[in-house]
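Please examine the sequence and the model shown here before reading on.

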Amino acid sequence: MGYKKATHILPQDLLEKVQEYIDGEFLYIPRISDNKKDWGATTSIRQELRERNRQIFADYQAGEQMGSLAEKYFLSLKSIQRIVGQLKKEQLE
């Protein structure tokens, strides 16, 4: 999300109307719901996290303890438990 100068985008009469309600403050204008993108849709982070989680699960299956996985991947024990549980469930499906 980037900031744009209202004076460069909005017509003067609309800018003055907005200033009646909020003058010199930041204003967030939400996207039209049809234009919203899913989290991570514009970056590779989803794929990176999937790969990391698969590696965590592979390490777990190889006998590594959850506590050491938490330290190795800089995650909480609860996060490791959640990841392992999800991937175990996916294997059963």
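The paragraphs below move from the chain as a whole to two individual residues.

This is a predicted model, in which local features need pLDDT of at least 70 and side-chain atom pairs count only at pLDDT 80 or more, while totals for chains, interfaces and linings use all residues. Residues are numbered from 1 along each chain as its sequence is written, and side-chain values use heavy atoms, with hydrogens and water left out.

The protein chain contains five helices and zero strands, where helices (H or I, at least four residues) and strands (E, at least two) are DSSP runs numbered from the N terminus. In sequence order the pattern is α-α-α-α-α. The radius of gyration of the protein chain is 23 Å, well over the 12 Å that the globule rule gives for 93 residues, so the chain is more spread out than a compact globule. That radius is taken over C-alpha atoms, and the globule rule is 2.2 Å times the number of residues to the power 0.38. Along the principal axes, the C-alpha atoms fill a box of roughly 65 × 30 × 20 Å.

Of the 93 residues, 15% count as buried; buried means under 20% relative accessible area, exposed over 50%, and partly exposed in between (1.4 Å probe, protein chains only). Among contacts with a separation of 6 or more, 32% come from residues 24 or more positions apart, a contact being heavy atoms within 4.5 Å.

Asn 53 belongs to helix α3, which covers residues 45-61. Is Asn 53 buried or exposed? Its relative accessibility is 16%, so Asn 53 counts as buried. The side chain of Asn 53 makes a polar contact with the side chain of Arg 52 at 2.8 Å. A polar contact is a pair of N or O atoms within 3.5 Å; within protein, one must be able to donate a hydrogen and the other to accept it, and residues adjacent in sequence count only if both atoms are side-chain atoms. Leaving aside residues up to four places away in sequence, Asn 53 touches Ile 83 and Leu 87.

Lys 88 is found in helix α5, residues 77-92. With a relative accessible area of 38%, Lys 88 is partly exposed. Which residues does Lys 88 touch, not counting those up to four places away in sequence? They are Phe 57 and Tyr 60. Lys 88 and Gln 61 are 27 residues apart in sequence, and their C-alpha atoms are 10.0 Å apart in space.
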